[in-house]
Amino acid sequence: MVRTPLTPEERERGERLGLFLRAARGERSMVEIAAAAGLSAETLRKIETGRAPTPAFFTVAALAGVLGLSMDELVVHCTPAPV
């Protein structure tokens, strides 16, 4: 299966998501948060660095739960402002 290339907007949204999750993680270790969310540390690293700009909904939901974030917060912080 061939994936459709991501648009610049999708890439930007993924970068915003990664930065927001990294900020929410704070001083907690990547391994600790990933394990609590049921992910590998490498998956979390890819999301935080924008190398996985379109993680699955349940992955994002699990991270939000572990980090004490609401899905609404993620939408607000990760959606680019309208032009």
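Q: What does Leu 21 touch, not counting residues up to four places away in sequence?
A: Leu 21 touches Ile 47, Glu 48, Leu 63, Leu 67, Leu 69 and Leu 74. Contact here means heavy atoms within 4.5 Å.

Q: Before I go on, what kind of model is this?
A: This is a predicted model, where local features need pLDDT of at least 70 and side-chain atom pairs count only at pLDDT 80 or more, while totals for chains, interfaces and linings use all residues. Residues are numbered from 1 along each chain as its sequence is written, and side-chain values use heavy atoms, with hydrogens and water left out.

Q: Got it. Which residues have the most contacts inside the largest nonpolar core?
A: Those are Leu 17, Leu 21, Leu 44, Leu 63, Leu 69 and Leu 74, in a core of 18 residues. A nonpolar core is a set of buried Ala, Val, Leu, Ile, Met, Phe, Trp, Tyr and Cys residues joined through side-chain atoms within 4.5 Å. Buried means under 20% relative accessible area, exposed is over 50%, and partly exposed is in between (1.4 Å probe, protein chains only).

Q: And which elements give two or more residues to this core?
A: α1, α2, α3, α4 and α5 (71-78) do. Helices are DSSP runs of H or I with at least four residues, strands are runs of E with at least two, and both are numbered from the N terminus.

Q: Let's take α2. Which of its residues are buried?
A: In α2, residues 30-37, the buried ones are Met 30, Ile 33, Ala 34 and Ala 37. They sit on the same side of α2 because they cover an arc of only 95° around the axis. That arc is taken from the directions from the helix axis to the C-beta atoms.

Q: What do those buried residues pack against?
A: They pack against α1 (8-25), α3 (41-48) and α4 (57-67). The face of α2 turned away from the buried side carries Val 31, Ala 35 and Ala 36, which are exposed.

Q: What follows α2?
A: Gly 38 does, with a positive phi near 80°. Likewise, α4 is followed by Gly 68, whose phi is positive, near 75°.

Q: Since you mention α4, which residues are buried there?
A: Thr 59, Val 60, Leu 63, Ala 64 and Leu 67. Seen down the axis of α4, they fall within an arc of 135°, so they line one face of the helix. Their cover includes α1, α2, α3 and α5.

Q: How many aromatic pairs does the structure hold?
A: It holds 1 aromatic pair. Phe 57 and Phe 58 form it, edge-to-face, at 5.2 Å centre to centre with 80° between the planes. Rings of Phe, Tyr and Trp (its six-membered ring) pair if their centres lie within 6.5 Å; planes under 30 degrees apart count as stacked, over 60 as edge-to-face and the rest as tilted.

Q: Switching topic: which residues lie nearest the centre of the largest pocket?
A: Arg 13, Leu 17, Pro 53, Val 60 and Cys 78, out of 14 lining residues. On a 1 Å grid over the protein atoms alone, a pocket is an open set of points where a 1.4 Å probe fits, with protein on both sides within 12 Å along at least five of seven lines; lining residues have an atom within 4 Å of a point.

Q: What is the volume of the largest pocket?
A: About 260 Å³, counted as the space filled by probe spheres set on the grid points.

Q: Which element gives the most to the lining of the largest pocket?
A: α5, with 4 residues. α1, α4 and α5 each supply at least two.

Q: Last one: where does Pro 80 lie?
A: Pro 80 is in the segment after α5, and at 26% relative accessibility it counts as partly exposed. Not counting residues up to four places away in sequence, Pro 80 touches Glu 12 and Arg 16. The C-alpha atoms of Pro 80 and Glu 9 are separated by 7.7 Å, though the two are 71 residues apart along the chain.
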